[in-house]
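The entries follow in the order I looked things up.

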Amino acid sequence: LRALNIEKVDTKFIENHLPILTDLCEALYGNVKSIGLLSWLGCISNPKDWLLVRPLCDKVMHQIGGWSVMRLPSEVLLRNVLPAKIILIIENEQSAYGLGEYKDVICVAGCGKNLKWLEAEWLKNKIVGYWGDLDSDGLQMLSDARTKIPHVQALMMNDSTLKQFSMNVVPEKTKVQSGPSNLFPEEEFVVQQLRSGVYGGERLEQEKLSYDFIDHQLVDFIKRNNI
């Protein structure tokens, strides 16, 4: 949009008045609303679903050009294979920054509910881990991820994690009312525990786990998968 050469107004004027300008162009020319004003003007849209991609070992980092951290839109991940044997999906971006070095692992973080990219064909041949908050959203996103990747392995989303860090459980604004449909029995049990209020709340955030615990769990996950 900023590259358009428009007389008498700057391109920020278009950006700030997009709805009414869309209506005006629709009235004058037709077929504008259906494709969007920016597309109609021939502009490239800004991606709205950036994901943090961080290789967790030097070997993998060199395979992606030496970049230690990148931001990529999900459509790029749909089309392009990440070279690591293990893809670690992390719900919250901040939880990815403190991770150390782990053999043949790339983490993709800040996904939240943006899981469309998990339909990528290349993921079928990868070991895939998922680590999210222990709350209604996190468990629902785990269920959604497993719908797209049946072999996804949940990390730190079990009852033992909940028990060990029960002092950090807090109330959740959106209460856990029922379990998502695509969980394993041990994950369904976590939903029941949260819903029952036995820990005094319904939410254990990723950031509330200790680094030593996270490191131990990731090392164990890598060993279990013979990496």
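I began with the surface: the protein exposes about 12500 Å², and carbon and sulfur atoms supply 51% of that area. Accessible areas come from the Shrake-Rupley method with a 1.4 Å probe, and for residues only the protein chains shown count as cover.

I noted that this is a predicted model, where local features need pLDDT of at least 70, side-chain atom pairs count only at pLDDT 80 or more, and totals for chains, interfaces and linings use all residues. Residues are numbered from 1 along each chain as its sequence is written, and side-chain values use heavy atoms, with hydrogens and water left out.

I looked up burial next: 45% of the 227 residues count as buried (under 20% relative accessible area; exposed is over 50%, partly exposed in between).

I then searched the whole structure for aromatic pairs and found two (ring centres of Phe, Tyr or the six-membered ring of Trp within 6.5 Å; planes under 30 degrees apart are stacked, over 60 edge-to-face, the rest tilted). Tyrosine 29 and tryptophan 40 have ring centres 5.3 Å apart and planes at 35°, so I logged the pair as tilted. Tyrosine 29 is exposed at 57% relative accessible area, while tryptophan 40 is partly exposed at 31%.

Phenylalanine 165 and phenylalanine 213 make an edge-to-face pair, 5.0 Å centre to centre with 70° between the planes. I found phenylalanine 165 buried at 7% relative accessibility and phenylalanine 213 buried at 9%.

Note on methods: Buried means under 20% relative accessible area, exposed over 50%, partly exposed in between (1.4 Å probe, protein chains only).
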